[in-house]
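Q: I have not looked at this one before. Can you walk me through it?
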Amino acid sequence: MTTGSAPLDVSKDILVATVGRPHGVKGLVHLFAATDDPASVEEIGTLHDERGTVWRVEWQGHGIARLFDASGRPVTDRDEASRLVNLKLYVGRDCLPDTDEDEFYHADLIGLRAETREGKVLGTVAVIHDYGAGVSLEITAAEQGGKGQDLIVPFTHACVPEILFDQGRIIVEPPHEVEVEGDLSGKDDVAVRS
């Protein structure tokens, strides 16, 4: 295996897959693609982990893959596969194709300043969440004397109408907030304020 002398700075690399638990006894693993098309994880070719170790992936079935190290040696037993659980596989941003209009790599959004149309700075895009029901942006509050509030907004045209990469910022229209007070079990009264 090829290993860097120190951990790589993968902050600008693109996460393409995470290794899950072993599948069977012959070194296969469950692999969770972080791409729209899981086939692209194999098509990319050379991947690397946070330590600089080089890997290659071959799909063996739906969500099941075999990993190969830098020398082309496959992972062949369950114990070795078990040691790789939660390993994150990355590719350099420059190895990926350009995106179409209204398509973005999550890593390109991280660090952008979030502000309203009126110019009020809300904070910085810190995390992109995608749990399957839609993508949301987590915005870490701007320092406003400790009074700022972190915010999570849906990544939709209604809430994020403009992305201005050349200016390092996005325009955010926070959704209307609803505050619910009381016992939500249905036993007592509930007050809703907006």
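This is a predicted model: local features need pLDDT of at least 70, side-chain atom pairs count only at pLDDT 80 or more; totals for chains, interfaces and linings use all residues.

Q: OK. How many helices and strands are there in the protein chain?
A: The protein chain has 3 helices and 14 strands.

Q: And what percentage of the residues count as buried?
A: Of its 194 residues, 34% count as buried. The chain exposes about 12000 Å², and carbon and sulfur atoms supply 49% of that area.

Q: What share of the contacts is between residues 24 or more positions apart?
A: That share is 46%, taken among the contacts with a separation of 6 or more.

Q: Let's do the strands. How do E3 and E4 pair?
A: Strand E3 (residues 47-48) and strand E4 (residues 54-61) pair in the antiparallel sense, over 2 bridges. His 48 stands opposite Val 54 in E4.

Q: How many residues lie between E3 and E4 in the hairpin?
A: There are 5 residues between them, and Gly 52 in the turn has a positive phi of about 95 degrees.

Q: Leu 67, then. Is it buried or exposed?
A: Leu 67, in strand E5, counts as buried because its relative accessibility is 1%, and the cut-off for buried is under 20%.

Q: What is Leu 67 in contact with?
A: Leaving aside neighbours within four places in sequence, Leu 67 is in contact with Val 19, Val 29, Trp 55, Arg 56, Val 57, Arg 73, Pro 74, Val 75, Leu 84 and Leu 89. Val 57 is also the bridge partner mentioned above.

Q: How far apart are the C-alpha atoms of Leu 67 and Leu 31?
A: They are separated by 9.6 Å, with the two residues 36 residues apart along the chain.

Q: Which residue in E9 stands opposite Thr 124?
A: Thr 140 in E9 stands opposite Thr 124. E8 and strand E9 (residues 135-141) run antiparallel and are joined by 7 bridges. Their hairpin has 4 residues between the strands, with Gly 132 at a positive phi near 105 degrees.

Q: Where is Asn 86 found?
A: Asn 86 is in the loop between helix H2 (78-82) and strand E6 (88-91). Asn 86 counts as exposed because its relative accessibility is 56%, and the cut-off for exposed is over 50%.

Q: New topic: pockets. What volume does the largest pocket have?
A: The volume of the largest pocket is about 1400 Å³.

Q: Which residues lie nearest its centre?
A: Ala 34, Asp 36, Phe 104, Tyr 105 and His 106 lie nearest the centre, out of 40 lining residues. Elements giving two or more residues to the lining include strand E1 (14-23), helix H1 (39-44) and helix H3 (106-109).

Q: Which element gives the largest share of the lining?
A: E8 gives the largest share, 5 residues.

Q: How do the lining residues divide into nonpolar, polar and charged?
A: There are 23 nonpolar, 8 polar and 9 charged residues in the lining of the largest pocket.

Q: Last one. What does Leu 109 touch?
A: Not counting residues up to four places away in sequence, Leu 109 touches Phe 104, Val 125, Ile 128, Leu 137, Phe 155, Ile 163 and Phe 165. Leu 109 lies in helix H3 and counts as buried because its relative accessibility is 3%. The C-alpha atoms of Leu 109 and Arg 169 are separated by 8.8 Å, although the residues are 60 residues apart along the chain.

How values were computed:
Residues are numbered from 1 along each chain as its sequence is written. Side-chain values use heavy atoms; hydrogens and water are left out. Buried means under 20% relative accessible area, exposed over 50%, partly exposed in between (1.4 Å probe, protein chains only). Two strands pair if DSSP finds at least two bridges between them. On a 1 Å grid over the protein atoms alone, a cavity is a set of points where a 1.4 Å probe fits but cannot get out, and a pocket is an open set with protein on both sides within 12 Å along at least five of seven lines; lining residues have an atom within 4 Å of a point. Grid points are joined across faces, edges and corners, and a volume is the space filled by probe spheres set on the points. Ala, Val, Leu, Ile, Met, Phe, Trp, Tyr, Cys and Pro count as nonpolar, Asp, Glu, Lys and Arg as charged, and the others, Gly among them, as polar. Contact means heavy atoms within 4.5 Å. Accessible areas come from the Shrake-Rupley method with a 1.4 Å probe; for residues, only the protein chains shown count as cover.
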